[in-house]
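Dear colleague,

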Amino acid sequence: MAIRTILKLPKHEKLLRKQSEPVPKVGRRVRALVADLIDTLDTVDGLGLAAPQIGTLERVAVIITGGSDECDPPEEGAVSEIIPLINPQILDEGEPERGYDGCLSIPGLQGYTRRPATLRVRSLDLDGNEVEYHFEGLDARVAHHEIDHLEGVLYLDRIETLEELFYLVEDDEDEDGVAFLPYLEVHPEFRATPDKREGLPTRGVPTIAG
C-alpha cells in the first residue's frame, strides 16, 4: 500500500506513549493499515512494527517470526511468517528471560530487558476472526515488544539499570560490524544517582545512528 514514516524519539515521544484504541471492526481501512505496516517494515532491519510507530493510535501491529537472535530479519530460505496482530490480548506468558531489546523508534540504542520466553496471544486476523498464537523465544519477545507499543510502553521502561543500556556504534575492527558502547561511558554523570533508573533517556534521548 504505502511506506510510512516511522516516528522516533524524542520528537514523537508524547504520541508513542499514548495508549492505542481497539479496532471496532476489521475492514478495508484496517487491512490497508496492516499493509502499510508490512510495506514499511520491509524497508528497515526489524522484526516488528506497531501502528503507533507510524502515527496511528490503534491496536494493530505486525511481526515477522523466525528471525535470528540478533533480531535480524529471517535469512533467505528460512521459515518465517508475517503475522498481523489486531486487538491482541495476552492470555498467558512464560517465565521472563533476559535478552537484547531495541526499537525502530529509538535508533542507536539497545539494552537488556526481561520478557516472557513464551507468549499466548488472542488476536483478530485480516478476516476479523479470532485466532490464537503461541510464540516462543525471540518470536515471543518481538510480539511482547509490539504489544507494549499498543499500551504506550517503550522498551526503555523495562531497562532495570543504566548499566544494561548501550549505544550502537561502528566497529573499528570490523567494517560491517557494530560495537556496543555503554551508555554510562557517554553519560558518566548518571553513575552516582541514587536511583539506578534515573537518567534513562526517555526524554530527549540522544541518538547516534538511524
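Ring pairs link Tyr 100, Tyr 112, Phe 166 and Phe 180 into a cluster, where rings of Phe, Tyr and Trp (its six-membered ring) pair if their centres lie within 6.5 Å, and planes under 30 degrees apart count as stacked, over 60 as edge-to-face and the rest as tilted. This is a predicted model, in which local features need pLDDT of at least 70 and side-chain atom pairs count only at pLDDT 80 or more, while totals for chains, interfaces and linings use all residues. Residues are numbered from 1 along each chain as its sequence is written, and side-chain values use heavy atoms, with hydrogens and water left out.

The structure holds six aromatic pairs. In one of them, the ring centres of Tyr 100 and Tyr 112 are 4.4 Å apart and the planes are at 20°, so the pair is stacked. Arg 98 lies over the face of Tyr 112, at 3.6 Å from the ring centre (the criterion being NZ of Lys or CZ of Arg within 6 Å of the ring centre and within 35 degrees of the ring normal).

Tyr 133 and Phe 135 also form a stacked pair, with 5.7 Å from centre to centre and 20° between the planes. Tyr 133 is buried at a relative accessible area of 18%, and Phe 135 is buried at 4%, whereas Tyr 100 is partly exposed at 27% (buried means under 20% relative accessible area, exposed over 50%, partly exposed in between, with a 1.4 Å probe and protein chains only).

Best regards
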